[in-house]
Each structure stands twice: as C-alpha cells, then as structure tokens.
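Please look over the model below.

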Amino acid sequence: MTAIEFDGVPFDPIGTVSARGTATAVHESPAVHGSRAVHASSAVHASSAVDASSAVDASSAVDASSAVDASSAVDASSAVHGSSAVHGSSAVHGSSAVHGSSAVQGSSAVQGSSAVQGSSAVHGSSAVQGSSAEHRSAAVHEKPPVHEILAAHQISAERETSRGHETPAVREVAISTAVAKARPQAPGPLTEIRSGVVAAHRAALTAQVALQRAIWHRTVHPQGPATDKGHSGPSISAATIAAAPECAFKPLARTARTSLDRAALVRLTQGDVTGVFGYRRSGVESVARLAAAGPLVLTEVVTVELRGGTGNGRVVARFDGDTRAAAVQAAEVFALFTGMQLYLSRSMFVSAPGIGESDTGTVEFTVTEIDLVPRPHVTGTATIAGSAPLQVTVTVAEPAGTGVGPGAAVPGLLLNEFHMSHLARGDQAIAMGPEFGEYTGVRATRLPTGGLLLVDRVLEFDGARGKLDGATYRTEYDSPADSWYYGDTANESMPHFVYMETSLQAALLMGYYAGPTLTQPGVTLSLRNLGGTATVLRRVDLRDKTIEQTSRLLSTTILPGSSLQNFDYTLSVDGEPFYTGETMFGYFSDEALANQTGLDAGRSVPTWLDEHPQATRTIDVATRRADPNAALCARRTLALIDRIDVVDDGGKYSAGYLHSLREINPSDWYFARHFHLDPVIPGSLGVESVIHAIQEWMLDAGYADTIADPVFRIPSDIAFSWRYRGQFLPTDATVRLEAHIKEIRRGANGVTVIVDGSLWKPGLRIYELIDLAVELGEREERP
C-alpha cells in the first residue's frame with residue numbers, strides 16, 4: 001500500500017490576507033430526519049468550510065461543509081438541513097469557482113433526506129457518536145490543519161475511489177524519497193462515502209479560495225494600467241488585453257493612451273512624443289514629427305487600436321482639410337503610437353506625395369501591414385465617406401548619408417529589433433555587416449521569424465569578427481503580457497519552449513556574428529542545435545518583463561563542411577538570475593544534413609511499445625481541446641498532440657508510459673517561421689509536445705483533483721538535458737514521441753512528474769530528453 005508523505009499541500013495562496021476576519025463557528029444541527037448528523041458551518045467570511053470529519057477511519061461519516069451558495073459566500077452556512085447538502089448540483093451556485101462541478105454527485109455520503117442513510121452507515125457505527133460536546137472536541141479543538149485533512153482525503157480517495165479505469169500505479173516520492181506503489185481496492189460503501197466527502201471538501205476549498213482571491217483583488221490590486229520595467233512606457237495588464245495572434249507585430253513602444261485631442265496633436269507636430277504617449281528609449285534621438293510635410297489637418301483622434309481593423313491596427317480620426325493629408329497623418333499617428341521611429345535614431349517619416357480633395361469629416365485608417373523590412377513602415381487603407389479608398393504607406397527613413405548596420409542604427413547599441421528582423425528574413429549585410437551580404441536571399445543561418453523570433457537587442461559584445469572563442473555578450477528580450485504564447489499555453493506563465501528558444505537564440509546570435517561561416521566561403525551552411533542542459537533557478541512570472549541574458553561563446557571548432565560552437569548562458573529578470581544552461585550548435589552543409597544518422601548510428605530503434613506490445617488506454621486530447629471550457633489545455637498554435645496511448649505501470653521505469661503519433665502537415669505554421677528558406681520543426685516544440693503529453697496524463701491521473709485552482713509550471717532546480725541528431729522536415733510524414741514516467745515528487749509546491757523521452761521521424765530516433773519535468777500546483781497571485 002502506498003505510503004505517501006505530504007510535505008504540506010498549499011491551501012491558502014494569499015497568505016496572511018485570508019487569515020483576517022476569519023473564524024470557525026461549529027454548531028450542532030438538529031436531527032436531520034431523525035439522523036444525528038452534525039455539520040460545521042462557515043460562519044464568518046466563508047472560513048474553512050471543512051470540518052474535521054475523519055473520513056479515513058470513518059468516525060464521522062459526513063462533513064457538512066459542502067454547500068456554499070451565493071457568489072459572495074459570506075456567512076454562508078453549510079446546509080445539511082432536511083435534505084442532502086449538495087445533491088447533483090454545483091457546490092458554489094452562481095460562482096465561477098466550481099461552476100457545474102457536483103460536490104457529491106450521487107454518492108451515498110449525502111443522499112435522499114439523510115446526511116448518512118441510516119445511523120449505521122459506516123461499519124455499523126453511528127454517523128455521529130457520543131455527545132455533541134465530544135463531536136465539537138473532535139471537530140474543532142483537535143482539528144488538524146486543512147492541508148492535512150486534504151492530504152488524508154486524497155490518500156483515501158487514491159486507495160478506494162473507482163475512476164472508471166485502473167488508476168496508474170506510479171512510483172511516488174515525497175521530495176525525493178521513494179515509496180511503495182498503491183494497490184487498487186474494490187469500491188464499497190465506505191468508498192462512496194469517502195469520495196463524497198472528498199468532493200465536498202474540494203468544493204468548499206474552491207469556494208473559499210475564490211472568495212479570498214476576490215477580496216484580495218479588491219483590497220490589494222490598484223486599478224488602472226501598471227508601469228513595468230520591461231517596457232519603455234506604461235504597460236497594459238494581461239487581464240485587459242487578449243493575447244495577440246502569433247503573427248502579430250510586437251510594437252517597440254506601449255502606451256495606454258488611445259485618443260488624442262487637438263492640443264495633443266499639435267504637440268506631436270512639435271516632436272513631443274514622450275509628453276503625449278509617455279514612452280522613451282535610451283540612446284534614441286526621436287525627431288520624427290506628425291505632419292512634417294504640411295499643415296495639420298487632423299482635429300481629433302477618436303481611437304487608436306493596436307489590434308483593431310483586420311488585426312494589424314486601426315485609427316479613426318476627424319479632419320478638416322485635404323483628404324490625402326488626413327490619411328497620411330492618420331498613418332503617422334499609428335506609427336508614433338507604436339514607436340516605429342525608435343528603431344532608427346534621428347529618423348523621419350516619409351510618404352509618397354499627393355494631393356486629395358478638400359473636405360471635412362472622419363477618416364478611418366486600417367493597417368494592412370506593419371513591418372521592419374526593408375525599413376520600418378506602416379501600410380494601410382484610408383476610407384473617407386464620399387471618397388475612394390486611399391492606399392497609404394508611411395516609412396521610417398534614416399538621415400541621408402548615415403548607416404543602419406550593426407552599431408549604426410542606434411548609438412551605443414550593437415543590434416536591435418530592426419537587425420533581428422533582417423537576420424531572420426531580410427538583408428544579412430544590414431543585420432550582421434557587409435561580409436554577410438552573400439547570405440541574403442539564399443538558405444543560410446538565420447533567426448526564426450514572426451512569433452518565434454525571441455531575441456530583441458544586443459547591448460554589449462566584447463568579442464570581434466574573426467575571434468571565434470572567448471566572447472561574452474549581453475542581450476535582451478521583451479515579453480509583453482499579450483504575447484501569443486501566454487494565451488496558447490496550459491502553463492501558468494511562460495511555456496517551456498520559450499525558455500529554450502529565447503536562451504538559445506540569444507546564445508547563438510553572436511557566435512554567428514563572430515564569423516564561423518565566413519571561414520568557408522561559397523558553402524551553404526545551415527544552423528542546427530545539437531543539445532544542451534538547462535535549469536530553472538526560481539519561479540518567476542515573465543509577463544511584461546524584459547529578460548536580460550549573459551552568454552559566453554566558449555569555443556568554435558571548424559570542420560570540413562561544418563562548424564561546432566559551445567556556449568553557456570544565464571537569464572535574469574529585475575537583476576536576479578532565473579534560468580541557466582549550456583548548449584552546442586552546429587553549422588552544416590547540405591551534404592552533412594542529408595547524411596544525418598540520428599541518435600542510434602543509423603539503426604532503426606523501436607519504441608518501447610513496439611518492443612512490448614500490449615493493450616493501451618487512450619487519452620483523447622483533441623476532444624478535450626475542442627471544449628472551450630476545458631481548463632489547463634494547450635490550444636491553437638500550441639496544439640501539438642491529439643491523443644496519447646498510455647500503459648499504466650509501463651515504460652523502462654515501470655511507472656507509466658506515454659506514446660503519441662501525429663501527422664506532419666507541410667502547411668503547419670512553424671515551418672514558415674523556422675527558418676526562412678530552411679523549414680524545420682523547432683526542436684523546442686518537440687520538447688513542448690512531450691510536456692503536453694505529461695500534462696494531459698497528470699490531469700487524467702487525477703493529480704489536479706484535490707487542488708482548488710491548479711496550474712502547470714516549470715519546476716525549479718531540476719536540470720533538463722536534450723540531444724538532437726536530426727530534423728523534422730515538411731516532407732516527413734509523422735512525429736512519434738514516447739515518455740517514460742521516471743519519478744513523481746510531492747512537495748510544498750505541488751506534484752512534479754519527471755520523465756525521459758524520445759522523438760522519432762519515420763525510421764529514425766532523433767531527439768532524446770532526460771529529466772524533463774512538469775509541476776502541477778496551486779495558483780499563486782501575482783504581486
């Protein structure tokens with residue numbers, strides 16, 4: 001029988017806030033239709049509606065803490081009067097905390113009119129034994145901490161609750177101590193009573209947490225936009241802005257101002273962008289002005305919408321004067337709103353000349369394209385009632401005679417977002433310097449594009465072109481709260497693949513800048529990551545943060561048709577490290593890529609399931625994902641697996657085995673992003689797909705059932721290693737993965753599952769993952 005050691009299950013995510021004004025009042029209910037069931041009501045501020053009924057050894061069969069109705073849940077008593085406390089209905093009526101979850105759902109613990117059907121419901125013992133004073137003593141004065149009650153109920157549920165399929169017997173540890181496996185037992189009356197009590201406790205826990213969180217938000221969180229160090233202006237809360245699409249443009253500036261009166265417009269004509277929009281950027285001399293080419297015809301900007309129109313942006317303004325000037329000025333307002341002039345110091349706005357009609361009215365400018373290549377620009381369509389639509393482009397132009405290459409776009413900054421975009425899909429001479437011009441327009445080493453471009457700036461670099469080892473450099477990446485991956489992940493914060501991508505992109509960037517490919521002129525060399533190891537040092541919410549990375553190029557080895565580089569790196573936010581690792585990249589010729597032999601010297605190695613054929617059960621991920629209300633589910637661009645085949649007690653550690661097969665579609669979004677002219681699936685998304693399999697298995701196994709508000713996280717202090725010896729191409733038919741459950745840890749932060757895994761392309765194992773970990777725990781409020 002499994003002896004699970006709980007090192008404290010977190011119950012109150014708000015800490016001392018929830019303790020204020022909280023009291024537990026226990027009173028004796030009169031006989032419920034002749035029964036002597038006693039319940040504990042939550043008398044003050046919905047305090048712990050969990051009485052200390054000992055469901056494990058059946059001394060008090062029912063705690064009556066299930067019904068917390070009305071969304072406020074204040075002074076709500078647990079109703080066990082005259083009928084079942086909760087019978088087939090939500091434990092928290094009208095609250096989104098449990099919405100539709102039945103606290104008991106037909107178990108015999110609370111059914112009919114009696115709290116426990118008959119006084120001898122539990123092994124012939126009375127549901128409430130002894131006097132009411134004895135019950136009060138057992139229920140209150142000797143009441144264990146809530147987390148111990150929850151732990152006890154979870155243990156009993158694991159021992160005796162029927163789940164519809166055999167619960168996987170897995171190796172569980174408390175922190176790192178191994179214990180024996182659980183043996184499933186046949187369900188019985190006691191099982192049903194206990195499962196009812198567990199469900200009732202869970203509903204009460206959820207109600208309390210929901211109430212505490214609401215109170216905490218009202219008393220602690222200020223209203224209005226916040227200001228964060230990660231942005232050059234006021235940031236906008238993730239709660240008020242939906243996640244942007246993956247393909248959305250990430251503006252350099254963020255501002256909370258979305259309308260402008262005439263006085264503000266006049267200030268923009270005078271160059272007072274900071275005074276109007278509130279942002280600035282160190283080192284950039286911003287001289288761009290509104291309406292520099294002619295008189296100001298806009299009288300008011302009614303609205304500026306970052307994702308309005310068709311998704312790229314929209315401006316609605318009133319004007320009095322030339323219609324074409326109104327259209328151009330509306331586009332310039334949007335360019336200033338997003339900070340387009342900040343990419344090139346001392347830049348100005350230019351647009352095609354033209355004369356429209358004289359009119360008074362409203363102009364609506366809908367952005368159709370906003371991009372940094374070949375120069376920062378905004379293109380869109382302006383519509384004015386009574387006039388034909390106007391196509392307008394406003395371009396950011398550097399001063400005549402100045403350069404825009406490395407170190408020239410912004411004083412004191414080697415590379416910025418403008419250079420990253422060119423390295424990803426533009427002119428490599430602009431991005432890296434004239435020596436790299438031969439790589440423009442052909443397959444070569446590049447950064448990813450679109451939403452997979454996850455490095456923004458190079459602040460410092462102590463190396464030099466041609467020096468291929470010993471360089472140190474600092475880079476930055478801004479992670480806005482509306483970034484697409486926050487909306488698509490099942491994680492509480494940043495998904496694991498972004499940790500990998502941003503760190504690896506920043507590391508390789510300056511290794512490439514140093515020039516290893518320049519040693520083999522005329523040879524097409526493509527970049528591939530070969531492996532590494534990385535560790536999360538501490539938990540941190542990275543929304544609206546600027547990630548600073550310090551990387552070192554440790555060595556470069558030049559080989560015929562290829563080059564190898566080693567790096568290490570540390571990522572910090574607000575001056576404190578949170579992630580560290582080391583990695584190796586290779587630059588490979590077409591011939592070298594064509595001759596890759598995978599991880600097993602070209603041999604076709606079978607999966608564990610192929611070697612141990614047996615019946616499996618299936619987790620239907622696609623069906624769960626189709627439910628818009630399904631929680632903790634990766635969606636949209638991060639919908640990476642559709643089903644999982646499970647062998648309970650299987651795998652090389654006999655603790656559980658997961659297998660998934662997914663067809664590759666050449667039109668899958670990531671091929672266009674990774675890389676331009678050289679499409680392969682990002683290795684980090686292969687890792688992410690295994691993480692999704694683990695997450696779905698944890699939910700299926702019931703690990704979230706006793707957590708009031710569960711979230712997935714990347715656990716800290718577990719070193720994860722990976723090896724890549726191949727690539728998934730658009731022409732490959734499938735991606736096959738397997739994961740071997742290696743260890744299950746229970747601790748103060750929740751439950752952590754650690755696996756080893758592999759991924760196959762048809763006939764070849766090409767990825768190996770060691771100690772990949774997923775944590776499931778209670779949500780904690782952001783400070």
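Which residue in β6 is the bridge partner of Val301? The partner is Ala317.

**Basis.** This is a predicted model, in which local features need pLDDT of at least 70, side-chain atom pairs count only at pLDDT 80 or more, and totals for chains, interfaces and linings use all residues. Residues are numbered from 1 along each chain as its sequence is written, and side-chain values use heavy atoms, with hydrogens and water left out.

**Confidence.** pLDDT is the predictor's confidence in each residue, from 0 to 100. The protein chain has a mean pLDDT of 78, with 69% of its residues at 70 or more. Residues 1–195 fall below 50, and this stretch has 365 contacts beyond near neighbours in sequence. A contact means heavy atoms within 4.5 Å. Residues 212–240 are also below 50, with 55 such contacts. Where pLDDT is low, predicted coordinates should not be read in detail.

**Strands.** Helices (H or I, at least four residues) and strands (E, at least two) are DSSP runs, numbered from the N terminus. Two strands pair if DSSP finds at least two bridges between them. Strands β5 (residues 298–305) and β6 (residues 314–322) run antiparallel, joined by six bridges. β6 also pairs with β8 (residues 358–371), antiparallel, over nine bridges. There, Asp320 stands opposite Thr360 in β8.

**Helix α7.** Buried means under 20% relative accessible area, exposed over 50%, and partly exposed in between (1.4 Å probe, protein chains only). Eight of the nine residues of α7 (residues 417–425) are buried, so this helix is largely enclosed by the rest of the structure. Among the elements covering them are α8 (428–432) and α10 (496–514). At the start of α7, a side-chain oxygen of Asn416 comes within 3.0 Å of the backbone nitrogen of Phe418. Glu417 is one of the buried residues. Glu417 also belongs to a salt-bridge network with Arg281, Arg457, Glu476 and Asp478.

**Salt bridges.** A salt bridge is a side-chain nitrogen of Lys or Arg within 4 Å of a carboxyl oxygen of Asp or Glu. By this rule there are 43.

| Pair | N to O distance |
|---|---|
| Arg528 and Asp678 | 3.0 Å |
| Arg765 and Asp600 | 3.0 Å |
| Arg745 and Glu743 | 2.5 Å |

Arg528 lies in β13 (residues 525–536) and Asp678 in the loop between α14 (669–673) and α15 (683–700), so the pair ties together parts 150 residues apart in sequence. Arg528 and Asp678 are both buried. Arg765, in β24 (residues 764–778), and Asp600, in the loop between α11 (590–594) and α12 (608–611), are 165 residues apart. Arg765 is buried at 11%, and Asp600 is buried at 11%. Arg745 is partly exposed at 26%, whereas Glu743 is buried at 16%.

Terms used:
Polar contact = N/O pair within 3.5 Å; in protein donor to acceptor, adjacent residues only side chain to side chain.
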